[in-house]
Amino acid sequence: MLNEQKAIADTISTFDTYISNLTELIEKKKAIREGALEDLVSGKTRLEGFNGEWKDGTIGDLLTIMHGKNQKDVEVFNGKYPILGTGGIIGRTNDYLCNWECVLIGRKGTIDQPMYMDSPFWSIDTLYFSKPVDNYQCVKFQYYLFCRIPWYDYTESSGRPSLAKKVVESIAIKIPPVEEQQAIANTLTAMDDEIRNLETELDKMKQIREGAMDDLLTGRIRLPL
């Protein structure tokens, strides 16, 4: 019946509109987050209550770059700890190279996708991990600092991109006091959490829409008219 067809189309269209609006909202939130990352980590914009001078320094003043290792001899199915490559988790192991909070960056290949870890892991030999120079650093700020660095400007290869430990540690940066580092990290983390929650909602809504479309178009579920 024509009225039932229209009711089905209107229902699916409602899902589509919601998904479209949510997608647009996520993109806006990401743009705001990128602007905040640039402004806050560079010191261009200061959070309320902070106005002291930032120190000139290098990444090596905050952390020491450490080499990952080949995972061949430690990889086990369903191990306790993740094995990390430049693209994320690639396996599991019952051993770990690092059990402290740290930031990671690719040594070869994908060198522009920093990662943050606060639980034990194994890092393969194409992925650097790091160790803070002392126990009073804000590692999450280091992660956001790494997100802002144009890593391909520091590559040593015109073929497969690669980063040298000494190059990473020598990159010049501005260093705010630890309290301000923490405030910046908290602000950006809140933005990331909001975006992640919206993306989760979007994925769920897409699944619901697909299920509803299948049920309605096959007549498995009928709408009240």
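## Basis of the description

Because the model is predicted, local features need pLDDT of at least 70 and side-chain atom pairs count only at pLDDT 80 or more, while totals for chains, interfaces and linings use all residues. Residues are numbered from 1 along each chain as its sequence is written, and side-chain values use heavy atoms, with hydrogens and water left out.

## Leu22 in helix α1

Leu22 belongs to helix α1, which covers residues 2-42; helices (H or I, at least four residues) and strands (E, at least two) are DSSP runs, numbered from the N terminus. Leu22 counts as buried because its relative accessibility is 6%, where buried means under 20% relative accessible area with a 1.4 Å probe and protein chains only.

Apart from neighbours within four places in sequence, Leu22 is in contact (heavy atoms within 4.5 Å) with Leu198, Glu201 and Leu202.

## The nonpolar cores

A nonpolar core is a set of buried Ala, Val, Leu, Ile, Met, Phe, Trp, Tyr and Cys residues joined through side-chain atoms within 4.5 Å. The largest has 29 residues, of which Val41, Ile59, Phe146, Trp151 and Leu188 touch the most other members. Helix α2 gives the most to this core, with five residues.

A second, separate core of 14 residues includes Trp122, Ile124, Leu127 and Phe129.

## Helix α2

Helix α2, residues 139-148, is mostly covered, with eight of its ten residues buried, among them Phe141, Tyr144 and Phe146.

Key
Buried < 20%, exposed > 50% of the residue type's maximum accessible area, 1.4 Å probe, protein only.
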